[in-house]
Amino acid sequence: MHLAWLSLRDFRSYPQLELRPGPGLNVLVGRNGAGKTSVLEAIAYLSGLKSFRRVPDDALIRTGADAAVLRGGFTTASGEYTVEVELPREGRRRVLANAKRPKRFSDVAGEVPVVAFLPDDIDMVKRGPAYRREYLDDLAAQLSPVTRQDQSDFERALRQRNALLRNEGPDASDADLDAWDTEVANTGGRVAAARLGLVDRLGPVLTDTYARVGGNDRVSWRYEPNWAEPISSLEAVDRSPETLAAAILEKLGERRRIDKERRSTTVGPQRDDITFLLGDRSTRTQASQGEQRSMALAMRVGAYELIRDGMGTPPVLLLDDVFSELDSVRVEGVVDLLPAGQVLVTTARQDDVPMKGTAFDVVDGVVSEVNAGV
């Protein structure tokens, strides 16, 4: 599977863009601020239907324009799959997949999977738990539409419980809270179970990948909910959705008085964390900057491999200025890890990219092919 063509109108700094990347390695070369990352952002948006920069849709519309339009054609095993998105300044966005509205947005990611590695990915390792939850949930959703639905159901139940607490506080009806506690617990149990199943699968992949980018430590993990004792990758405990739901429900009951006073839900998967370990060291608090960056890369490559194996097709891999952030040993490891599928790389200096591919110059909103094999 690969991106055959990309067409943009009024997206970020691009009044118009037509791009036809090759099925192998593609290198976008340009100075900082030229628009290289925006090209990768558009490609990723066509898969996940959200910006990997964590910005709202209206931030993607070129200044002075009424709407941004993104279109892309992907070559898949079953033929061409086109995705079209219109982002208006006012009103709802419009999404078409093969000229039809998809039943679920998750269906698009299932057809055209994309994995992006960004300099900010180190935040997954060194910053707060929301980054690690997002990584696990996004990957779990790409691998399973059912999981994405479970996530949506949990978020809806949590919003409803929080709305009840926010509006009524200490006066909130226990009967009403009982109903939402059950819904939050049942859907939250499925979300937590999906995360635990995913990190079980990721563990060996991360250890192998981390070793290939210059690390020698074994990678393990510890899941840290605030509604149960931490769960280690080394522990053989019941991780079924039903067992996890029961633990969440019990803790919601214990915290009900506090939740009423604070007018918010204080326990549940929305507050969980996961600690990745190198040997017995936390990657967030005890690893060096180089180890943290290698771990972030291993997490993205691990996601790539799970999607490839699970879907039977290699995702499009996007690497935003990755080589300038790594030392020579880790650069060699990254090169060894690059798949045979389609890769798009951005760089300010072409010499930083230690392999050959189709090169494109990016200058002030204009992308032009230089030549192949450079």
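**Close-up 1. Packing of helix H6 against helix H7.** The axes of H6 and helix H7 (residues 241-254) come within 7 Å and cross at roughly 135°, where axes are lines fitted to C-alpha atoms, for helices over the stretch in contact, and angles run from 0 to 180 degrees between N-to-C directions. This is a predicted model, in which local features need pLDDT of at least 70 and side-chain atom pairs count only at pLDDT 80 or more, while totals for chains, interfaces and linings use all residues. Residues are numbered from 1 along each chain as its sequence is written, and side-chain values use heavy atoms, with hydrogens and water left out. Helices (H or I, at least four residues) and strands (E, at least two) are DSSP runs, numbered from the N terminus. H6 and H7 are therefore oblique to each other, given that angles under 35 degrees count as roughly parallel, over 145 as roughly antiparallel, 65 to 115 as roughly perpendicular and the rest as oblique. H6 passes H7 in a right-handed crossing, a crossing being left-handed if the near helix is turned anticlockwise from the far one by less than a right angle, and right-handed if clockwise. The contact (heavy atoms within 4.5 Å) draws on residues of H6 including Asp181, Val184, Gly188, Gly189 and Leu196, and on residues of H7 including Pro241, Leu244, Ile248 and Gly253. By class, 11 nonpolar, five polar and two charged residues take part in the contact of H6 with H7, with Ala, Val, Leu, Ile, Met, Phe, Trp, Tyr, Cys and Pro counted as nonpolar, Asp, Glu, Lys and Arg as charged, and the others, Gly among them, as polar.

**Close-up 2. Packing of helix H6 against helix H9.** With axes that come within 8 Å, H6 and H9 cross at roughly 125°, and the two helices are therefore oblique to each other. The crossing of H6 past H9 is right-handed. Among the residues that make the contact are Leu198, Leu202, Leu206 and Arg212 of H6, together with Glu291, Met295, Gly302 and Leu306 of H9. The contact of H6 with H9 divides into 11 nonpolar, three polar and four charged residues.

**Close-up 3. Packing of helix H4 against helix H9.** Helix H4 (residues 129-143) packs with helix H9 (residues 289-311) at an angle of about 15°, and their axes are 10 Å apart; H4 and H9 are therefore roughly parallel to each other. Their crossing is right-handed. From H4, Tyr135, Leu139, Gln142 and Leu143 make the contact, and from H9, Met299, Arg300, Ala303, Leu306, Ile307 and Met311. Eight of the residues in the contact of H4 with H9 are nonpolar, one is polar and one is charged.

Close-up 4. The largest pocket holds about 1,000 Å³ of space. On a 1 Å grid over the protein atoms alone, a cavity is a set of points where a 1.4 Å probe fits but cannot get out, and a pocket is an open set with protein on both sides within 12 Å along at least five of seven lines; lining residues have an atom within 4 Å of a point. Grid points are joined across faces, edges and corners, and a volume is the space filled by probe spheres set on the points. Of the 39 residues that line the largest pocket, Lys50, Glu134, Asp137, Asp138 and Arg148 lie nearest its centre. H4 gives the most to this lining, with nine residues. By class, the lining has 18 nonpolar, eight polar and 13 charged residues.

**Close-up 5. The largest cavity.** The count comes to one cavity of 30 Å³ or more, and about 40 Å³ of space lies in the largest cavity. Strand E10 (residues 273-278) supplies the largest share of its lining, four residues. The lining of the largest cavity has three nonpolar, three polar and three charged residues.
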